[in-house]
Amino acid sequence: MKILTSHLSRLTFHGAWFDTPQTICYAPRQFSACRDWSAFTSMDIKDYLEQKRDDVDRFLDSVMPSATTAPTTLHESMRYSLMAGGKRVRPILAIASAEAVGQPAPGLMPIACSLELIHTYSLIHDDLPAMDNDDFRRGKPTNHKVYGDAMAILAGDALLTIAFDLCSRPDLMKGCDPARQVRLIHELAFGSGNMGMVGGQVFDIQAENKDIDLPTLQNIHKHKTGMLIRAAVRMGAIAAGAQDRQLDDLTSYAEDVGLAFQIADDVLNVTGTREELGKNPNTDAERGKKTYPTFYGTEGARKLADDCAVRAITRLSSFGPAADPLRELARYITSRKN
Ligand code: IPE
Ligand code: IPE
Ligand code: MG
Ligand code: MG
């Protein structure tokens, strides 16, 4: 069960989780819900992540209009960012959460992938000159550098819209109870909108070049990154029909993981290289953003992220081995190199 941090580190680089094109011992396809995870090991999590990432990539590719569909530049631009090799953490968290609950979850793939569409839109907009003004993302020039600001804004808008299309399409959501489906769509809207990710982006922009205190920073992180991660875990659980108590525990897990994720992002911004990250390092300091390393130093921030991950894992004490992927994901999130 103990993850081999050095092993994972060696295997992670920008644009992909692992440098081996095929994993040793690929896990069987049907190992999703209800598998006995009692023998889950660090090698299994490597296989698990790679397999889920493949599943997500394949599904996204199948639902995204081709680059030859009119308006072609729009679709090309959307695909450029979406298929550029993100880690797919949010959809994988949704899938792992459904597996932890252990019941069938009709529509799981569209709802999991809707989170990645929203996440990718948020990155395209986050990189715009009016926001973080970044030149490099997922190992490639940022969307607006290639397609221009107007197309990047529109590609983001369209990705956001398609996310809700996926969750409401009768063919994709077949078998999902309609009341549950509405609840899922509400979670997605709440996590990504003004009270969630977008709200967090506003707090983040407003904090630039300000001497903010720690609670303010935590509130930024909780919203800009935490709320979509929270939605991911909750949506997977709701899709699988989680009981209230299970949903509460998974929500607490997600809140800790969300904070750990953004603290790790802050640390990597200081310690990572462009090659590792697939995006430029040191951009937070350049834009006058106070982050966790500003308050605690790099090592202190890293330790805090680890503490959050440990706390997240303790939230899952009422779950059995089916929640092992979630436990390993919490560890991965703080040990990642990109
Ligand atoms: C980066 O997210 C932006 C944050 C919210 C911290 P990821 O680290 O998940 O980026 P990708 O999707 O793998 O590119
Ligand atoms: C990105 O946060 C958060 C969202 C896109 C919602 P950051 O601006 O800190 O992340 P990076 O460093 O650009 O990936
Ligand atoms: Mg930003
Ligand atoms: Mg940014």
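This is a predicted model: local features need pLDDT of at least 70, side-chain atom pairs count only at pLDDT 80 or more; totals for chains, interfaces and linings use all residues.
**Entry 1: helix α11.** I began with α11, which is mostly covered, with 20 of its 28 residues buried. I took a residue as buried if 20 or more other C-beta atoms lie within 10 Å of its own, as exposed if 12 or fewer do, and as partly exposed in between, with C-beta atoms placed from the backbone. Helices (H or I, at least four residues) and strands (E, at least two) are DSSP runs, numbered from the N terminus. Helix α11 covers residues 244-271 and reaches 40 Å from its first C-alpha to its last, close to the 40 Å expected at 1.5 Å a residue. The expected span is 1.5 Å times one less than the number of residues in the helix.

**Entry 2: model and confidence.** Residues are numbered from 1 along each chain as its sequence is written, and chains are lettered from A and ligands numbered from 1 in the order in which they are written. I noted that pLDDT, the predictor's confidence in each residue from 0 to 100, averages 89 over the protein, and that 87% of the residues score at least 70. Over residues 1-38 pLDDT stays under 50, and the model has 71 contacts beyond four places in sequence for them. Two residues are in contact if their C-beta atoms, placed from the backbone, lie within 7 Å.

**Entry 3: ligand shells.** I listed a residue as near a molecule if its C-beta atom, placed from the backbone, lies within 6 Å of it. Around ligand 1 I found G86, K87, V89, H119, R138, T225, Q262 and D265. This shell divides into one nonpolar, four polar and three charged residues. Ala, Val, Leu, Ile, Met, Phe, Trp, Tyr, Cys and Pro count as nonpolar, Asp, Glu, Lys and Arg as charged, and the others, Gly among them, as polar.

Around ligand 2 I found S122, L123, D126, D132, D134, M197, Q201, K224, T225, D265, N269 and K279. Two or more residues each come from α5 (108-126), α9, α10 and α11, and α5 gives the most, with three. By class, the ligand 2 shell has two nonpolar, four polar and six charged residues.

**Entry 4: backbone exceptions.** Most residues other than glycine have a negative phi, and most peptide bonds are trans. R138, in the loop between β1 (136-137) and β2 (140-141), has a positive phi of about 50 degrees. R138 is buried, because 23 other C-beta atoms lie within 10 Å. N209 has a phi near 60 degrees and lies in the loop between α9 (197-207) and α10 (214-239). N209 is exposed, with 9 other C-beta atoms within 10 Å. The peptide bond from A70 to P71 is cis, with omega near -5 degrees, and P71 is found in the loop between α2 (42-63) and α3 (72-82).

**Entry 5: the core.** The largest nonpolar core has 82 residues, of which A94, A260 and I263 touch the most other members. Such a core is a set of buried Ala, Val, Leu, Ile, Met, Phe, Trp, Tyr and Cys residues joined through C-beta atoms within 7 Å. Beyond four places in sequence, A94 is in contact with I111, A112, L115, A232, V233, M235 and G236.

**Entry 6: N282.** I placed N282 in the loop between α12 (274-277) and α13 (283-286). N282 is exposed, with 12 other C-beta atoms within 10 Å.
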